[in-house]
Amino acid sequence: MNKPSYILLIVSDSLLSANLKTLIQNFGSEVQAVERYNEGVKIINENEPSLVVIDSGLQGLHWSAAASKIKEVNRDIPIFLLTPAIGREESSNIEINGFI
């Protein structure tokens, strides 16, 4: 049997984080959720998630800087950007720069 995927959520909204965690666990993945980028980097150093989900609304650090720091730790971890801006006019100003 294959080991379930391990997904790290770095999401600042605790309700959203809890809902995402439950949803992802229902698909058979292991999930760990943190609210701060520095907690996420510590976890990435200790464990190797299959995927990292970053909240674009992280306090104190722009999501692209967080993604860059994660890629410095492990270049092969895919990063998924969670943002409410998709589909809005301001989403045209978001630069992804190959992180997704």
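**View 1. V52 and its contacts.** Beyond its neighbours within four places in sequence, V52 is in contact with L8, I10, I44, I70, I77, P78, I79 and F80. Contact means heavy atoms within 4.5 Å. This is a predicted model: local features need pLDDT of at least 70, side-chain atom pairs count only at pLDDT 80 or more, and totals for chains, interfaces and linings use all residues. Residues are numbered from 1 along each chain as its sequence is written, and side-chain values use heavy atoms, with hydrogens and water left out.

**View 2. Two nonpolar cores.** A nonpolar core is a set of buried Ala, Val, Leu, Ile, Met, Phe, Trp, Tyr and Cys residues joined through side-chain atoms within 4.5 Å. Buried means under 20% relative accessible area, exposed over 50%, and partly exposed in between (1.4 Å probe, protein chains only). The largest core has 18 residues. Which of them touch the most other members? They are L8, I10, V52, I54 and I70. At least two residues of this core come from each of β1 (6–10), α2 (37–46), β3 (51–55), α3 (63–73) and β4 (79–82). A second, separate core has 8 residues, including I7, L9, V11 and L20.

View 3. Y37, G40, V41, I43 and I44 are the buried residues of α2. They sit on the same side of the helix because they cover an arc of only 160° around its axis. The arc is that of the directions from the helix axis to the C-beta atoms. On the other side of α2, N38, K42, N45 and E46 are exposed. What covers the buried residues of α2? The cover includes β1, β2 (30–34), β3 and α3.

**View 4. A65 in α3.** Helix α3 contains A65. Is A65 buried or partly exposed? A65 counts as partly exposed because its relative accessibility is 29%. A65 and Y37 are 28 residues apart along the chain, and their C-alpha atoms are separated by 9.9 Å.

**View 5. The whole chain.** The protein chain has 3 helices and 4 strands. Their order along the sequence is β-α-β-α-β-α-β. Helices (H or I, at least four residues) and strands (E, at least two) are DSSP runs, numbered from the N terminus. Of the 100 residues, 36% are buried. Take the contacts between residues at least 6 apart in sequence: 66% join residues at least 24 apart. The accessible surface comes to about 6500 Å², and 49% of this belongs to carbon and sulfur atoms. Accessible areas come from the Shrake-Rupley method with a 1.4 Å probe; for residues, only the protein chains shown count as cover.
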